[in-house]
Amino acid sequence: MKTTGRVNGIIANIVIVKADGPVGQNEICYVWVGDTKVMAEVIKVMGDNAYVQVFDSTRGLRIGDRVEFQGHMLEATLAPGLLSRNYDGLQNDLEKMDGLFIARGSITDPIDFGAEWPFTPLAKAGDKVSAASWLGEVKEQWVMHKIMVPFTMTGDYTVKSVAQAGNYKVTDTVAVLVDEEGREHAVTMVQKWPVKQAVRCYTEKPRPSRVMETGVRPIDTFNPLAEGGTGFIPGPFGAGKTVLQHAISKQAEADIIIIVACGERANEVVEIFKEFPELVDPRTGHKLMERTIIICNTSNMPVAAREASVYTGMTIGEYYRSMGLKVLVMADSTSRWAQALREMSNRLEELPGQDAFPMDLSAIISNFYSRAGLVKLSNGQTGSVTFLGTVSPAGGNLKEPVTESTKKAARCFYALSQGRADSKRYPAIDPLDSYSKYLEYPEIRAYLDEHIEKDWVDLVYEGKTIVQRGKEANDQINILGDDGVPVDYHERFWKSELIDFVILQQDAFDEIDANCPIERQKMMYKMVIDICRREFGFADFEQCSQFFKGLINLFRQMNYAEWQSEKFNNYLRQIEEYVKNK
Amino acid sequence: MTTRAFQKIYTKIDNITKATVTLRATGVGNDELATVGGKLAQVVKIMGENVTLQVFAGTEGLATDSEVVFHGEPPKLRVSDNLAGRFFNAYGEPLEGGQAVEGEAREIGGPTVNPFRRIQPSELIATGIAGIDLNNTIVTGQKIPFFADPDQPYNAVMANVALRAKADKIILGGMGLTNDDFLYFKSVFENAGALDRIVSFVNTTENPPVERLLVPDMALTAAEYFAVDKGEKVLVLLTDMTLYADALAIVSNRMDQIPSKDSMPGSLYSDLAKIYEKAVQLPNGGSITIIAVTTLSGGDITHAIPDNTGYITEGQLFLRNDSDTGKVIVDPFRSLSRLKQLVIGKKTREDHPQVMNACVRLYADAANAKTKLENGFDLSDYDERALKFAHDYSEKLLAIDVNIGITEMLDTAWSLFAAYFSREEVAIKEELIKKYWKEA
């Protein structure tokens with residue numbers, strides 16, 4: 001029998017419930033406000049008082065109102081039919097909701113339970129299986145969606161029977177498994193998993209060893225993101241976090257993209273809703289929306305559901321990873337999630353840590369980031385979840401708790417700088433502050449040796465040094481004046497400007513330049529480095545700046561030209577000519 | 001807010017603090033309104049039988065035996081077309097007497113528009129101010145604040161913007177307005193003959209600060225009525241959101257909540273977002289556009305209020321005193337409209353994006369030249385010309401007292417280009433130069 005309770009206290013969206021039976025930490029319950037029920041989660045238990053956070057408005061709630069505990073934690077529904085959907089933070093399908101406004105207690109099915117899917121068996125009677133073993137598959141959009149042994153089934157099983165190929169509903173039994181004690185278990189195509197727990201149904205979690213191409217030059221060339229890796233993008237408002245994330249979500253070389261719009265502007269999500277169903281993924285020729293799932297909990301939606309949204313997104317990511325797919329999960333912005341934690345902690349009157357954030361903020365963040373990763377499945381295949389979050393530091397100051405905690409957890413750091421944004425140098429990724437720890441991985445070095453060029457990483461470091469030296473030279477020029485320094489200071493500065501303008505800046509609004517494949521990046525980067533290695537011996541600084549301004553202009557035109565087109569090759573020849581005639 | 005028959009009247013208050021009272025009561029709903037000794041209050045916390053009420057007007061003069069009557073419902077606003085042309089206080093009661101508005105009573109601070117049902121904003125709002133229309137074009141359904149120091153004429157600019165924008169309704173939410181400013185708004189609207197399309201909810205400095213917390217929700221409930229029910233284009237003016245946030249801080253402090261940055265409550269971001277995110281473009285053609293004012297202290301945008309605002313709104317408009325021309329201008333560097341891309345060059349003339357960028361770039365060159373001058377370096381001929389351009393640009397385009405159409409702004413920019421620069425220096429696409437270049 002389920003535990004029930006009565007409301008005994010209300011402080012904003014924290015409700016204290018007097019329960020009549022056992023209550024679990026993080027258990028889900030429904031609170032009845034008049035004749036609608038709203039979802040809530042237990043966050044603290046004191047005696048027979050359960051403190052629950054309500055994922056909705058508590059307006060009009062009264063002492064003595066009824067509460068029903070559900071006996072399980074917040075769960076995601078995992079089944080074919082998740083792709084292309086637009087969910088709120090609790091996995092309610094936004095498209096299925098009636099009316100212009102989201103009414104209180106709007107609960108909609110995350111999938112279409114009536115739909116039939118063409119099932120093909122992969123396992124056969126007698127096979128030994130365990131959680132996440134593949135039993136069969138259905139075609140979802142263009143992805144082969146594996147039907148797996150539910151993640152919650154611990155221990156070993158033997159397949160007794162698997163359904164024949166044919167059309168089935170997600171709730172139909174597609175396999176029967178026998179456990180070690182001889183009991184039979186029916187398996188359907190739908191399973192549930194508590195979102196706050198990591199899915200650990202894999203044999204091994206090796207270090208990332210491949211690079212995930214994003215088509216964004218300052219990332220791929222300068223600070224590559226590993227497949228199964230983690231990264232984060234902090235930046236003040238107006239620095240272009242969202243534009244950068246959108247660009248990556250459009251271009252990244254992933255099978256599945258999960259976008260978690262967590263506490264951000266609704267109009268930005270509308271942009272995705274409008275664009276993604278129309279844009280085509282150049283790699284597969286399919287519409288971007290077909291590989292995308294959007295979890296949307298904008299800033300005016302209930303705060304507690306904001307916290308849940310990142311977990312829901314990650315859980316769906318882990319589900320597709322278990323099918324051997326490359327998943328990219330992106331969250332914009334994790335600071336809003338941390339703020340949701342702060343609001344909760346505050347109402348619980350917990351002793352605060354720095355900036356009133358909860359003391360365990362750092363642990364919560366690193367725990368979450370650790371759910372990403374490349375994994376080896378029991379059948380020897382690999383799957384991955386790559387996670388990229390944005391952080392919105394208060395006042396643009398990177399010494400605040402969310403940025404600092406995330407820095408400890410994430411391996412790539414793409415710092416967006418106000419200075420670069422002000423001078424319209426987009427993407428505003430600071431070339432000196434940002435880093436990718438993956439460049440230090442021997443596995444990644446070997447991968448780049450093989451896939452781009454031998455000793456590519458050394459070339460990357462060479463470019464970084466040029467940028468660093470250019471900045472130092474520029475500081476001197478600013479202090480001493482153009483005439484106050486030797487000409488080679490100017491040359492050093494302009495070489496770094498060349499890298500900046502040609503490689504580090506990229507026009508996200510230009511059809512061609514927005515997406516730069518790795519092959520093209522390699523060619524451009526090598527050309528630029530080659531020029532930087534030369535000594536030109538300019539007569540004076542004006543000659544120097546004029547030469548580089550002209551050169552940069554040619555390179556930029558080349559960036560706007562279609563790869564290896566007539567126009568592109570034309571600029572290539574012009575550049576060679578230009579450099580030779582100096 | 002009349003009392004109903006057979007309502008239970010409580011006469012024993014247990015605790016009184018500066019802003020709240022606590023008493024024992026049953027059957028009370030969260031967020032419900034009550035009258036405490038004749039003052040309006042709202043339920044903010046219920047613990048068993050103990051109900052804590054926030055008294056909007058402050059608890060001065062309340063006694064432990066003051067009468068408490070619960071209304072059984074959260075704050076509501078009666079909506080109908082008769083709202084137009086009226087002035088209300090923070091509770092939605094008519095100012096200066098007058099008949100109460102008849103109509104459907106709607107809860108304020110209602111639910112969120114389903115993001116999936118929103119439409120992408122695409123309609124331009126012309127204000128006649130080049131610092132906005134040319135450089136930071138505003139679109140219906142957008143939310144954007146003015147970031148201004150207290151000594152700048154932000155209310156005057158906002159009144160101008162409101163009158164020039166072709167909105168069906170203008171809703172003014174005044175928080176901590178001085179009485180002088182309130183009368184200014186009133187007379188400006190009256191003189192423009194626009195009173196019939198204006199609704200005002202005003203809390204002046206003479207009213208208790210906590211009352212302000214109701215103003216944005218009142219204004220936006222009225223806005224939703226006209227936009228959602230009537231399909232109208234509604235412009236909401238909120239001034240001053242810094243004073244609103246200050247009131248939030250007062251309440252959270254009285255409720256013993258732990259402050260976060262700059263003594264602001266930890267929920268500041270969500271509290272502000274709830275207001276600003278009401279800006280929306282609706283499928284029925286109606287829209288709510290929010291133009292707000294956030295006053296800064298000494299231009300500091302890292303303070304929690306402007307900082308959180310910047311993360312929520314779709315850009316910001318900076319006012320600055322330009323010492324070269326002696327005029328107030330909309331700062332082209334620090335201002336931003338995130339939604340301008342949706343309309344410029346599409347709903348306006350094709351050369352708009354390029355002209356806008358060229359102007360700002362040349363203005364930046366002038367700023368560099370100025371720094372050079374201040375540091376004692378020599379100016380080149382180009383620097384001299386850039387400085388002259390900057391002066392004219394500031395006077396003829398950026399100044400807030402300029403009132404011209406967007407096409408005229410573009411033409412003005414082209415004549416300034418020709419007056420001071422060569423075609424190459426302006427560096428605009430060849431085909432546009434051919435079409436629009438004006439020989440000096």
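Predicted model: local features only at pLDDT ≥ 70, side-chain atom pairs only at ≥ 80, totals over all residues.
Local features are described where pLDDT is at least 70, side-chain atom pairs count only at pLDDT 80 or more, and totals for chains, interfaces and linings use all residues. Residues are numbered from 1 along each chain as its sequence is written, while chains are lettered from A and ligands numbered from 1 in the order in which they are written.

**View 1. Chain B meets chain A.** Here 44 residues of chain B are in contact with 49 residues of chain A (contact: C-beta atoms, placed from the backbone, within 7 Å). On the chain B side, β5 (39-47), α6 (268-276) and α7 (304-312) each give two or more residues. The largest share, five residues, comes from α7(B). Helices (H or I, at least four residues) and strands (E, at least two) are DSSP runs, numbered from the N terminus. Look for strand β1 (residues 4-11) of chain A too: three bridges join it to β5(B), and the two run antiparallel. In this pairing (at least two DSSP bridges between the strands), A:Ile10 stands opposite B:Ile46.

**View 2. A loop residue, A:Ile111.** You'll find A:Ile111 in the loop between β8 (86-87) and β9 (116-121) of chain A. Setting aside neighbours within four places in sequence, A:Ile111 touches A:Thr77, A:Ala79, A:Gly81, A:Leu82 and A:Val170.

**View 3. An open sheet in chain A.** Four strands line up in the order β12-β11-β9-β14, with antiparallel pairing. β12 (143-148) and β14 (166-169) stand at the edges with a single partner strand each, so one side of each has no neighbour in the sheet. Between β9(A) and β14(A) there are four bridges, and A:Trp117 stands opposite A:Tyr168 in β14(A).

**View 4. Helix α11 packs with helix α13 in chain A.** Two packed helices are described by the angle between their axes and the distance between the axes. For α11 (residues 487-504) and α13 (residues 541-560) of chain A, the angle is about 10° and the axes are 10 Å apart. That's why α11(A) and α13(A) are roughly parallel (angles under 35 degrees). Among the residues that meet are A:Trp494 and A:Phe501 in α11(A), and A:Phe548 and A:Phe555 in α13(A).

Terms used:
Contact = placed C-beta atoms within 7 Å. Axes fitted to C-alpha atoms, helices over the stretch in contact; angles between N-to-C directions. Parallel < 35°, antiparallel > 145°, perpendicular 65-115°, else oblique.
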